[in-house]
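Subject: Two-chain model for you to look over

Dear colleague,

I am passing on the structure we spoke about, with the sequence alongside. Please have it open while you read the notes below.

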Amino acid sequence: MKFNRKWLAGGLILAVLVVPFVVKQAKGDAGVEVDIAEAVARDIRPTILASGVLAYRDEVKLTAELVAQVSMIAVEEGSMVEAGELLLKLDPETYLNAIEREQATRRQSVISIERQRVALALRKKQFERSEQLVKLELIDQDSFDQVRNQLRIAQVELKSSEEELLRADAVLSEAREQLEKTEVRSPIAGQVVSLPIKVGETAIPSTSSLAGAQLMTIADTTAIQAELQVDEADIAKVAAGQQVDIYAAAYPETALEGVVEMIALAPTIEGQGRAYKVTVDIEVPDGIELRSGMSARADIFLSDGTKKLAVPVEAIVSDTGEDKKVTRHVWLQRDGKAKKVEVETGASDDRWEEVTKGLEAGDQVIVGPARTLRTLQDGDAVTRAEDSDREDTASDNDDEDGDGESASQ
Amino acid sequence: MSHLVDIFLQPGKVFVDLKEKPTFWLPLLLVSLASGVMVLLYYSTVDPEWFANHMLLASGKDLTAAEMEQVRASMPGARAMGYIGAPSAVIVTVVVSLLYALYFMLAGKIAGAATSFRHGLSLVSWSSMPVLLGVVVAIIGIAMMEPQTGLESLMLTNVDPLLVQLPADHPWSSLAKGFSLLNIWSWFLLALGWRTWTRSGWLQAVIVAVLPSAVIYGVMAMFALL
């Protein structure tokens, strides 16, 4: 019995000394559980936010060039029209009268020319006769000079009448042109999207919003574009051809894909700020009905499409040194240990941040939990959390081979 | 000297002997010196820079890099910590033993048993012999450890790290790191000694033995729950 107790107690002591190490060995140096993502080349899509309105690509606002009463409107709001089609007629009476008046003026000019020609022919004969008489010294020199002067006056008067005819022609042409303007025709093929004027109202030539200044708006409704206002601080990053996601107010959850087409050279001033108009061509999917004037917000993607070595943004940890210099680092998992690596970063979007120096494709980057990232130390044992599957969730915009080239040193 | 072995093999016999001749120097010296040696060994083995960072992070304060540098500069180095910590460990062990002895003396008076301060100190010193095993385990761990290892992760007989590994800011972390499974053995020895000396029942013996620890760990548990 005594023997057994001795062995039992001895075994217990041995167990106390050995079991902890056995348990530790069995569990392994598990270390803290961390989420890990692989550094691979990705398409980083930094964006600029902007807002604006939608507008039909070809949209013309027709205004009257004459002051006249509207006598006839050939279309209705929503009508489809062809280029050159008659849309509206203004009362032509005033302009017909003007043409008649100018035609009469022209006829008078023609008559005047005929009279001048007859007078000129007479003066020519008188001059030739006087020339012979002065040679025979039958008339004095003074009389001859007078005849010659009258011939020259007749020539000038004829020329003046001819110019008068040209002027009358021009005035008549202008009157006819004015008459033509009483017929308003569509400059483009499209749809009448606005028709504020009515028959009997007086159209007036004005760009202001006076009643009668606007005749109608014709637009090509098959193509629509967004006119965005981009802040001057961001405009340098915007370039033609960049992709844009447009969210119209009527479809706040639907991203309409577009492409930057044009960037204004001059700014528009709104209050204290300056913004540049950026025109975006939109591809409208089926089932989406967009209208001109709808407000919209937009994400302009600045990426040039090249893939860059990137890690999740939460993996980048910033330190501020004594000299206020900010350094960035990531934690790598190497052989089950955490290793701090200083990195330099580039472009970023809301998920990924480019690493331009310090990492290589394939590095196992610790991305969380955030609390662990704050307390990690070089050499700490780490293990991949079982639900750490960042690569799969992130693979929607990276290629399968992860062909990121080395970006280190 | 045979008590050193018998306290593990046949503790009842040891306590019978101690009732007549309550000794305490040997176990008290062994436990306190082993604790001191363990602390000294640890601080002379650990990576000093890593340890400074480890302490700053363990403090739980959210410091900027500049503040951390300032605090680090004002902190004693790991080696200095060893020279300070080793005698401190010895002193703390002795002081705690004295307090426990006082407790057992008072408990004896309340229970109507004739327990002197010397008896109390003897009971505490011999009952803490299992703790010596824990210290030995830690010393073996230190001998095998990598330089970047926390002292708490070497206390392999404690709940943390033996059974669980809680993060430093976990509410139960302090309790798990502070509670050694060898306490149960010590409690048993305390209860056995008490029962042997006072001829009380097991219930009273266990209550008297566990009460101080129950108060200490109870307060820690309350903090964890709050």
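What follows is an account of what was found in each chain and where the chains touch.

Please bear in mind from the start that this is a predicted model. The model as a whole scores ipTM 0.76 and pTM 0.51, while chain B averages a pLDDT of 87, with 95% of its residues scoring at least 70.

**The two chains in outline**

Chain A has 5 helices and 21 strands, whereas chain B has 12 helices and 0 strands, so written in the sense that its pattern along the sequence reads α-α-α-α-α-α-α-α-α-α-α-α. Of the 409 residues of chain A, 22% count as buried; for the 226 residues of chain B, the figure is 39%. If you consider the contacts in chain A between residues at least 6 apart in sequence, 76% of them join residues at least 24 apart. In chain B, residues 24 or more positions apart account for 64% of the contacts with a separation of 6 or more.

**Chain B: helix 2 and its surroundings**

In helix 2 of chain B, which covers residues 11–20, the buried residues are B:Pro11, B:Val14, B:Phe15 and B:Leu18. When one looks down the axis of helix 2 of chain B, these buried residues fall within an arc of 95°, and they therefore line one face of the helix.

**Where chain B touches chain A**

The contact between the chains involves 22 residues of chain B and 19 residues of chain A. On the chain B side, the elements that give two or more residues are helix 1, helix 4 (48–58), helix 5 (65–74) and helix 8 (129–144), and helix 4 of chain B gives the most, with 4 residues. Sorted by class, the side of chain B that touches chain A has 14 nonpolar, 7 polar and 1 charged residues.

B:Phe8 counts as buried because 21 other C-beta atoms lie within 10 Å, where the cut-off for a buried residue is 20 or more. Once its neighbours within four places in sequence are left aside, B:Phe8 is in contact with A:Ala9 and A:Ile13 from chain A, and with B:Met129 from chain B. B:Phe8 and B:Ser127 are 119 residues apart in sequence, yet they are 9.6 Å apart in space, C-alpha to C-alpha.

**Chain A: strands 11 to 13**

Turning to chain A, strand 11 (residues 243–248) and strand 12 (residues 256–270) run antiparallel and are joined by 4 bridges; here A:Ile246 stands opposite A:Leu256 in strand 12. Strand 12 of chain A is also joined to strand 13 (residues 273–282), again in the antiparallel sense, by 9 bridges, and the bridge partner of A:Ile269 in strand 13 is A:Arg274. Strands 12 and 13 of chain A form a hairpin with 2 residues between them, and A:Gly271 in the turn has a positive phi of about 60°.

**Chain A: strand 17 and its partners**

Further along chain A, strand 16 (residues 317–320) and strand 17 (residues 326–334) run antiparallel with 4 bridges between them, and A:Val317 has A:His329 of strand 17 as its bridge partner. Strand 17 of chain A is joined by 7 bridges to strand 18 (residues 337–348), which runs antiparallel to it, and in this pairing A:Gln333 stands opposite A:Ala338 of strand 18. Strands 17 and 18 of chain A form a hairpin with 2 residues between them, in whose turn A:Asp335 has a positive phi of about 55°. Strand 17 of chain A pairs as well with strand 20 (residues 364–368), in the antiparallel sense and over 2 bridges, with A:Trp331 standing opposite A:Ile366 of strand 20.

With best wishes

Conventions. Residues are numbered from 1 along each chain as its sequence is written. Chains are lettered from A and ligands numbered from 1 in the order in which they are written. This is a predicted model: local features need pLDDT of at least 70, side-chain atom pairs count only at pLDDT 80 or more; totals for chains, interfaces and linings use all residues. A residue is buried if 20 or more other C-beta atoms lie within 10 Å of its own, exposed if 12 or fewer, and partly exposed in between; C-beta atoms are placed from the backbone. The arc is that of the directions from the helix axis to the C-beta atoms. Two residues are in contact if their C-beta atoms, placed from the backbone, lie within 7 Å. Ala, Val, Leu, Ile, Met, Phe, Trp, Tyr, Cys and Pro count as nonpolar, Asp, Glu, Lys and Arg as charged, and the others, Gly among them, as polar. Two strands pair if DSSP finds at least two bridges between them. pLDDT is the predictor's confidence in each residue, from 0 to 100.
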